[in-house]
Amino acid sequence: MIFDLSKTNSIANVFIAEIRDKDIQKDAMRFRTNMERLGTFFAFEISKTLSFQQTETQTPLGIAKTAQLTEQPVLATITRAGIPMHQGMLNVFDRAECAFVAAYRKMHKTGHFEIAIEYVSSPDLTDRIVIMADPMLATGMSMVLCCKELMGRYKVKELHIVSAIASSEGVRHVKANLPKAKLWLGSIDEEMTSKSYIVPGLGDAGDLAYGVKI
């Protein structure tokens, strides 16, 4: 399943436009806020696919029939770029446990690179619903590697992947390697540069949110 926000009419598309805009990007706080807003939006959309049960809630004047989640998902993200979007989802799933994966591009002199995992912090994901967020899905290699790292440790019941901007190549790579994953995407771009940056994309989400790394 692939949910493509750009195919719908929603105010969330305004947030997509702003994170792409090279002038608005100069305001790092606004960039982080828009990423957080997108995380909140996707969390609401994902919640519609989860299981609920009817319960009774005592009000000051009586008993109300209400719906409650039968289980909380685990919110995972790839640091550092994924943190604002992760926070947006945590604002919605405010009782969720969280997992964090640190991954980076290990560059070679030839210009090629491989993805290396540096750090994993996670609760027990056995038989849990996991929502993995990363703002950019370029080659899809980082996402696949990080998800497989978690799934290799635990038997995950259901996997959702959230990205603000994806490349068509990255989507194909994820679907080929994680065929049961549900993808929630802000927009899908067709091109990538020789250095695997999405075009038109938005640039480096981590640098835009937190400053240029060295």
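A: Let us begin with a term: buried means under 20% relative accessible area, exposed means over 50%, and partly exposed is in between, with a 1.4 Å probe and protein chains only. This is a predicted model, where local features need pLDDT of at least 70 and side-chain atom pairs count only at pLDDT 80 or more, while totals for chains, interfaces and linings use all residues. Residues are numbered from 1 along each chain as its sequence is written, and side-chain values use heavy atoms, with hydrogens and water left out.

Q: Okay, so is Cys 146 buried or exposed?
A: Cys 146 has a relative accessible area of 0%, so this residue is buried.

Q: And what about Cys 147, buried or exposed?
A: Cys 147 is buried too, because its relative accessible area is 2%.

Q: How many disulfides does a search of the whole structure find?
A: The search finds zero disulfides, where a disulfide is a pair of cysteine sulfur atoms within 2.5 Å. Cys 146 is in no disulfide, and the nearest cysteine sulfur, that of Cys 147, is 7.0 Å away.

Q: Switching topic, how many aromatic pairs are there?
A: The structure holds three aromatic pairs. Rings of Phe, Tyr and Trp (its six-membered ring) pair if their centres lie within 6.5 Å, and planes under 30 degrees apart count as stacked, over 60 as edge-to-face and the rest as tilted. One of the pairs is Phe 3 with Trp 184, which is tilted because the planes are at 40°, with the ring centres 5.3 Å apart.

Q: Where do Phe 3 and Trp 184 lie?
A: Phe 3 lies in strand E1 (residues 2-4) and Trp 184 in strand E10 (residues 182-189), so their pair ties together parts that are 181 residues apart in sequence. Strands (E, at least two residues) and helices (H or I, at least four) are DSSP runs, numbered from the N terminus. Both Phe 3 and Trp 184 are buried.

Q: What kind of pair do Phe 41 and Phe 42 form?
A: Phe 41 and Phe 42 form an edge-to-face pair, at 5.5 Å centre to centre and with 75° between the planes. Phe 41 counts as buried at 17% relative accessibility, and Phe 42 counts as buried at 0%. Ring pairs also link Phe 3, Phe 41, Phe 42 and Trp 184 into a cluster.

Q: Now charges: how many salt bridges does the search find?
A: A search of the whole structure finds 13 salt bridges, each being a side-chain nitrogen of Lys or Arg within 4 Å of a carboxyl oxygen of Asp or Glu. Among them is the one between Asp 207 and Arg 80, at 2.5 Å from N to O. Asp 207 lies in helix H6 (residues 205-210) and Arg 80 in the loop between strand E4 (74-79) and helix H3 (83-92), so this pair ties together parts that are 127 residues apart in sequence.

Q: How accessible are Asp 207 and Arg 80?
A: Asp 207 counts as buried at 19% relative accessibility, whereas Arg 80 counts as partly exposed at 26%.

Q: Which residues do salt bridges that share partners join into one network?
A: That network is made of Arg 80, Asp 204, Asp 207 and Lys 213.
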